[in-house]
Amino acid sequence: MPNNPQARRAPLDEVDRAIVRTLADDARLPNNALAERVGIAPSTCLARVRALRERGIIRGFRADVDPAAIGLPLQAMISVRLRAHTREQNESFRGTAPDLPGVLAVFHMSGSEDYLLHVGVAGPEGLRDFVVDHLTTHPAVAQTRTNLIFEQIAGRRYLGDPPPATG
C-alpha cells in the first residue's frame, strides 16, 4: 500500500501515539487491556483504533513468524531491475511478485534497483530455483542480484513522531 498522505497531514495526539506504541509492542492485546494501558474508556479506545485503521496509520495486525520455524531457514534480499520503466512493466512485476512462493515482502524502490524482494526458502537449491524459475523468466525483469541474510535484527516497531520541520 502506498504511503497515505492524509495520515501524514493530521498529527496524532498523545492518546493516539500511546495506542500505536502499545499495539506495536503487542497487537494481540484485547481492547479492554489496551484502553486501560492508555488511560481511556474501552468504547473510546475502540473508536480510536478504528479511526487509526481508516486513516491508514494502523495498516493491519500480523503474526511475526520465524521463517526457519516453517521450513524457510535460508533468507535473501533480491534486487530486481526491470527492462523498462513503463507503467505496464511495473504493473506486471508488481502484480506477480507478492504471490511468488517464499516472498515475505516486496519493496518498490528508487535508485539503481527497481524492486527489493525479501524471500525465504528451504535451502540454496530453492533459492536458485526461485531466481531462475520466477525472476529471470519474467518478461519485465532485466537483472537480479541476490544477497543472503545472515541474521535479521528487529528494529523499533513504533517509529514515534516525525522530526520537527525545518526552515
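This is a predicted model: local features need pLDDT of at least 70, side-chain atom pairs count only at pLDDT 80 or more; totals for chains, interfaces and linings use all residues.

Student: In what order do the elements of the chain run from the N terminus on?

Tutor: The chain has 6 helices and 4 strands. These are DSSP runs, numbered from the N terminus: helices are H or I with at least four residues, strands E with at least two. The order is α-α-α-α-β-α-β-β-α-β.

Student: Why do the buried residues of H3 line one face of the helix?

Tutor: An α-helix has 3.6 residues a turn, so residues three or four places apart point the same way. In H3, residues 31–38, the buried ones are Leu34, Ala35 and Val38. They line one face because, seen down the axis of H3, they fall within an arc (of the directions from the helix axis to the C-beta atoms) of 100°.

Student: Which exposed residues does the face of H3 turned away from its buried side carry?

Tutor: Leu34, Ala35 and Val38 are the buried residues of H3. Their cover includes helix H2 (14–25) and helix H4 (42–54). The face turned away from the buried side carries the exposed Asn32, Glu36 and Arg37.

Student: Are H3 and H4 roughly parallel or roughly perpendicular?

Tutor: Axes are lines fitted to C-alpha atoms, for helices over the stretch in contact, with angles from 0 to 180 degrees between N-to-C directions. The axes of H3 and H4 come within 8 Å and cross at roughly 100°. Under 35 degrees counts as roughly parallel, over 145 as roughly antiparallel, 65 to 115 as roughly perpendicular and the rest as oblique. That makes H3 and H4 roughly perpendicular.

Student: Which residues of H4 make the contact with H3?

Tutor: Contact means heavy atoms within 4.5 Å. H3 contributes Asn31, Asn32, Leu34 and Ala35. H4 contributes Pro42, Cys45, Leu46 and Val49.

Student: In H5, which residues are buried?

Tutor: H5 spans residues 87–96. The face turned away from its buried side carries the exposed Arg87 and Glu88. The buried residues are Gln89, Asn90 and Phe93.

Notes:
Residues are numbered from 1 along each chain as its sequence is written. Side-chain values use heavy atoms; hydrogens and water are left out. Buried means under 20% relative accessible area, exposed over 50%, partly exposed in between (1.4 Å probe, protein chains only).
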